[in-house]
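Dear colleague,

I am passing on the structure below, followed by notes on what was found in it. Please read the notes with the structure open beside them.

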2 protein chains.
Amino acid sequence: MKTYQQLFEIFSSHINAANYGSNPKELYEPIDYMMQLGGKRLRPILALMACDLFDSNIEKALHAAHAIEVFHNFTLVHDDIMDNAPLRRGKETVYKKWNMPIAILSGDLMMIKATELLCETETANLKSLLQIFNKTAIEVCEGQQIDMNFETQKSVSHDEYLEMIKLKTAVLLGCSLQIGALIGGASNDDAQHLYEFGKNIGIAFQIQDDILDTFGDGTITGKQVGGDIIANKKTLLLIELLESVHKDDKKLLDDLMQMTDAENKVQGVINLYDKYMIKQFAESKKQQYLDLAYQHLADVQVDEAKKTILTHTAEELMNRVS
Amino acid sequence: MKTYQQLFEIFSSHINAANYGSNPKELYEPIDYMMQLGGKRLRPILALMACDLFDSNIEKALHAAHAIEVFHNFTLVHDDIMDNAPLRRGKETVYKKWNMPIAILSGDLMMIKATELLCETETANLKSLLQIFNKTAIEVCEGQQIDMNFETQKSVSHDEYLEMIKLKTAVLLGCSLQIGALIGGASNDDAQHLYEFGKNIGIAFQIQDDILDTFGDGTITGKQVGGDIIANKKTLLLIELLESVHKDDKKLLDDLMQMTDAENKVQGVINLYDKYMIKQFAESKKQQYLDLAYQHLADVQVDEAKKTILTHTAEELMNRVS
């Protein structure tokens, strides 16, 4: 089994050699720009790892891994327009660096290129791969819309929130593993267990993200602690607090949500989180999804030793502090 | 061979029964809205006609025809954002009726649905169909970007203009015929000739569109005569005039292009078009592409009688006055 670092290097060489096109340059320069912004390449690496579980010839999963990374970057380009986001990985977003029409159109092109790359896979079951990929791509769009709806929606339930993070981010992790596994020759059952492993890790990871925003160490994460609180963002923490809060504390919470003094607002909400044991609640939810993920991994019919790389990657993700 | 009207009815029943999804409604309502705006359904009908040339069981091309129509509507939804267009077929555009994020995201979803529909085709050569479709989809994006570039580009040559209309609109007509033909069991050669037929008809049609905007009968077309002239739009007519105009008339043309009095502007430019025989030039270009189209149709190895429906459809398109 290859390590994350080895797979990262193989994948990096592969995409560094990619030629998406050149004319008109307004359309292709943003694609090169996005694909070179870097990142940990989690999704394509998961696809390669899953292939490696069943067939050490991981080269055959490279086109699919590439397709998934291009698709992921397409969603970032379009999401940045919708969120009016100025920065992505510390650099200007496509929408800011060029303009909105170019961000729409180069994003569209990336979506099409993703399908084109997936179609380059040498496989007898291209149709299955495409069906999994299209289903996931549709869910990612649905997740983004549900997330946007939350901004104006008066109340959001746990279930709605968990469904949103599942669609918006977790299913693509599952899809990456499932497609990689199928290319490696996995049975449908094994590929499905890997999908569930990735999906549940993804949900746990998003919950972790919510916890870290409020309870992380700002000096390590490099982010403003309590950013979500300041923005009244409907995270799992706030949703649980809104559902649990006693009548006596309701007015206090309402006042805190209107407060403009950021420092006192963050401290006030954290006091309520502590009082209602919200962090513990979120940690236990996270653990439920992790447990579920590992149950599915246990059901995959390959040597336990081979699974270490996946367990290790999941642990690294969950132990990250930034 | 089925008539346009028969195919239109079969296709209409098919898409009226379509269920694209429902949740979240913000994402699916715009898709239903767009797909129900109607239109002549030219591209899917061409796909069905091409299938019918080789196999009267046109049902098997319905998913692909549907995919092409959904793809075409995806491009309209995104183009309308980029062009800031308020109306589409007399109704509000998705971007105006909902908002920009919803138009981006529901368009994205339509693009994915198009691929999903194409994958439903029962065929042994799905990979070929997808390759043709993806190649065309990429070209359509390129054409839209080149068209946007023209707005700020100082000078545009004939060749650049013809390349733009080929990419932006003509290749999708060719692709529709090629995919329909392949599903019907055509040889690659026959499918390629039909692609060239559709592409060249598409280019001729766009040139016709430019001619009609200036020389059409406004009472019949229902459009303001000379709209392109008023907007200084770089049509084949204006491009040719800019290239042919003598030094003596250059100043007059420059003045006309700055003029705010629409009526005198249109008449002044038309006078120059007449002086330099620009309409005749455009008509002859159009005829070149039509001739090329019919040469390719002649090379398709099916009974001549069967081709009548395609010739008739092309003539109807070219004789339209609106």
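In which loop of chain B is B:P24 found? The model is a predicted one, and in it B:P24 belongs to the loop between helix 1 and helix 2 of chain B. The peptide bond that joins B:N23 to B:P24 is cis, with omega about 0°. In chain A, the bond from A:N23 to A:P24 is likewise cis, with omega near 0°, and A:P24 has its place in the loop between helix 1 (4–16) and helix 2 (25–35) of that chain.

The relation between the chains comes next. Chain B is superposed on chain A by a rotation of 180° with 0.0 Å of shift along the axis, at an RMSD of 0.0 Å, which is the relation of a two-fold axis. Both copies use the same surface, since 100% of the contact residues of chain B recur in chain A.

To that contact, chain A and chain B each give 30 residues. On the side of chain B that touches chain A, helix 2 (25–35), helix 4 (62–82), helix 6 (100–119) and helix 7 (126–152) each supply at least two residues, and the largest share, 14 residues, comes from helix 7. Sorted by class, this side of chain B has 18 nonpolar, seven polar and five charged residues.

Apart from neighbours within four places in sequence, A:A47 is in contact with residues including A:A61, A:A64, A:I68, A:L177 and A:G180.

For A:R41, in the loop between helix 2 and helix 3 (42–54) of chain A, phi is about 55°, and A:R41 is partly exposed, with 19 other C-beta atoms within 10 Å. For A:N84, in the loop between helix 4 (62–82) and strand 1 (87–88) of chain A, phi is near 55°, and A:N84 is exposed, with 10 other C-beta atoms within 10 Å.

With best regards

Definitions and conventions. Residues are numbered from 1 along each chain as its sequence is written. Chains are lettered from A and ligands numbered from 1 in the order in which they are written. This is a predicted model: local features need pLDDT of at least 70, side-chain atom pairs count only at pLDDT 80 or more; totals for chains, interfaces and linings use all residues. Two residues are in contact if their C-beta atoms, placed from the backbone, lie within 7 Å. Helices (H or I, at least four residues) and strands (E, at least two) are DSSP runs, numbered from the N terminus. Ala, Val, Leu, Ile, Met, Phe, Trp, Tyr, Cys and Pro count as nonpolar, Asp, Glu, Lys and Arg as charged, and the others, Gly among them, as polar. Copies are superposed by least squares on the C-alpha atoms of residues with pLDDT of at least 70 in both. A residue is buried if 20 or more other C-beta atoms lie within 10 Å of its own, exposed if 12 or fewer, and partly exposed in between; C-beta atoms are placed from the backbone.
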